[in-house]
Structures are given as C-alpha cells and as structure tokens.
Amino acid sequence: MSGKFITFEGIDGAGKSTHVDWLAERLRSRGLTVQITREPGGTPLGERLRELLLNEPMHIEAETLLMFAARSEHWATRIEPALKRGEWVICDRFNDATYAYQGGGRGLEKSKLQQLEQWVFGRQQPDLTLLFDLPLEVARERIAIANRPLDRFEQEKADFYQRVRQAYLERAHTCPQRIRVIEANNSVEHIRQQIENLLPAFFPSPMTGA
Ligand code: TMP
C-alpha cells in the first residue's frame, strides 16, 4: 500500500467533521490525491446501512454486524483500492468507533470485535487516528445548540457517552503510536494548530518536502 489512511474519531458533538475538509485541502495543496469518506457509509450500500443503523431500533449484535457489513464493503471496494493506487484516504470514523460505541458504550465483548476486524480488514490499521476529545457536557451542549432531530446514538444518555469517551481514551492509551488525542474544547485555529504540529512526524515527506 503506498497511500496513507487517516481517521477522525470522537464522541458525537466533538466537532471533528469540521476539520476533515480542511485537512484534505491542506494535503491536496501538497499535490496529493485525497479522498474523503465516512463510516458508517462511504459506499451506496454503506449509506443505506447507515440509514438503518442511525434510525432503526435493533439488537446490539445486529448493530455490530451491520457496522462491519458496511465496513467490509467500504474497505474492499473503496478504501483498499484507493490506498493501492497511492491515494490518501481521510475517513470520518472507522474501526475505533466500534470499540468505543459497541464495545465501551454497549458493552459488547472485545473478543467479538477483534474477530470481525480480523475478518474484514486483517492487520491493516490507519496510519494516523485523530481522536477529538472534550468534556461530555460541552459535546452535549453543541448537539443541543444545533437544534436538529437526534439519531439513535445521539439520544443515548450521558452515562453511555461517558463509557464511549472512556473507551476511546483507553484505546488511545493502548495505541499511542497511531492514535493522537486532540484537545477539542478549543478554537478552530487552536485545533488546526494541534493537527499541523503532529503531521510532519507522521508524514515527513509531503509535509516538510523532505
Ligand atoms: P457520525 O454522526 O459521526 O457520522 O456517526 C454516526 C454514528 O454512528 C455516531 O453516533 C457513532 C456511530 N457509530 C458506531 O456506533 N459504531 C461505529 O463503528 C461507527 C463507525 C459509528
């Protein structure tokens, strides 16, 4: 694989999506071909599964299997081919979200997630994961201000989101070489600066021209 794979993660309301387009433009200005995508979604099938996942009540195991069904289609038909062509892929949520939401939030055993992960995309992991972290109350206030209908996950209670946040942070602690925590309770400029600061260490050639 010659392309690079960057994922954005965080609890709902962390503000990560605002920075996806910015980072893509930043990389394109360096001459790179960059695809932006998201999970669940990213393919016609994945987007249909997303509709179900966000709106239809379902059992936790069905939810997890549908997340991985969408991921399997996404990985095999879009992400892996793009990386093999040497393109960069920025994905708004990926596998770490399943560990945080279905594992941490809903309490599904990690061993089941590990088996599915192994099946769907083997040992490939993102080259860099930006974990947008902020206090729960701030995230929930941002969602409330947006004043739009809430999806099935956003309707979950505070203790669910505390577990999701905790699971994300634990994962960052376990994979410090891949997952970098962004302090997201800051201005857009400050957040971008945090991202700028860590890019050269991960991608020395395009970011420094070396
Ligand atoms: P989004 O609002 O960031 O697009 O994500 C949609 C929701 O899906 C969000 O609440 C998190 C949830 N989700 C999971 O529960 N597990 C997953 O594996 C993924 C990718 C998303």
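How much space lies in the second largest pocket? The answer is about 270 Å³.

Before going further, a word on conventions. This is a predicted model, in which local features need pLDDT of at least 70 and side-chain atom pairs count only at pLDDT 80 or more, while totals for chains, interfaces and linings use all residues. Residues are numbered from 1 along each chain as its sequence is written, and side-chain values use heavy atoms, with hydrogens and water left out.

A pocket is an open set of points with protein on both sides within 12 Å along at least five of seven lines; a cavity is a set of points where a 1.4 Å probe fits but cannot get out; lining residues have an atom within 4 Å of a point. Grid points are joined across faces, edges and corners, and a volume is the space filled by probe spheres set on the points.

The second largest pocket is lined by 14 residues, and nearest its centre lie Y99, K110, A167, R171 and T174. Two or more lining residues come from each of α4, α5 (110-121) and α7 (158-174); helices here are DSSP runs of H or I with at least four residues, strands are runs of E with at least two, and both are numbered from the N terminus.

I turn now to the largest pocket. Its space is about 600 Å³. Of its 29 lining residues, D12, K16, R50, R93 and E154 are the closest to the centre. Helix α4 gives the most to this lining, with four residues.

The ligand sits in the largest pocket, meaning that more than half of its atoms lie within 2 Å of the pocket's grid points. Around the ligand are 14 residues, the closest being D12, R50, R93, T98 and Q102; a residue counts as near if one of its heavy atoms lies within 4 Å. At least two residues of this shell come from each of α2 (44-55), α3 (60-84) and α4 (95-105), and α4 supplies the most, four.

For D12 the distance is 2.9 Å, for R93 it is 2.6 Å, and for T98 it is 2.6 Å. The ligand taken alone exposes 480 Å², of which the protein buries 93%, with areas from the Shrake-Rupley method and a 1.4 Å probe.

D12 also belongs to the lining of the largest cavity, together with I11, L136, A139, R140, I143 and Y161. The volume of that cavity is about 40 Å³, and the whole structure has one cavity of 30 Å³ or more. Four of its lining residues, the largest share, come from α6.

Finally, the backbone. Most residues other than glycine have a negative phi, and most peptide bonds are trans. R93, however, has a positive phi of about 80° although it is not a glycine; this residue is in the loop between β3 (88-92) and α4. E39 and P40 are joined by a cis peptide bond, with omega about -10°, and P40 is in the loop between β2 (34-38) and α2.

Note on methods:
A polar contact is a pair of N or O atoms within 3.5 Å; within protein, one must be able to donate a hydrogen and the other to accept it, and residues adjacent in sequence count only if both atoms are side-chain atoms.
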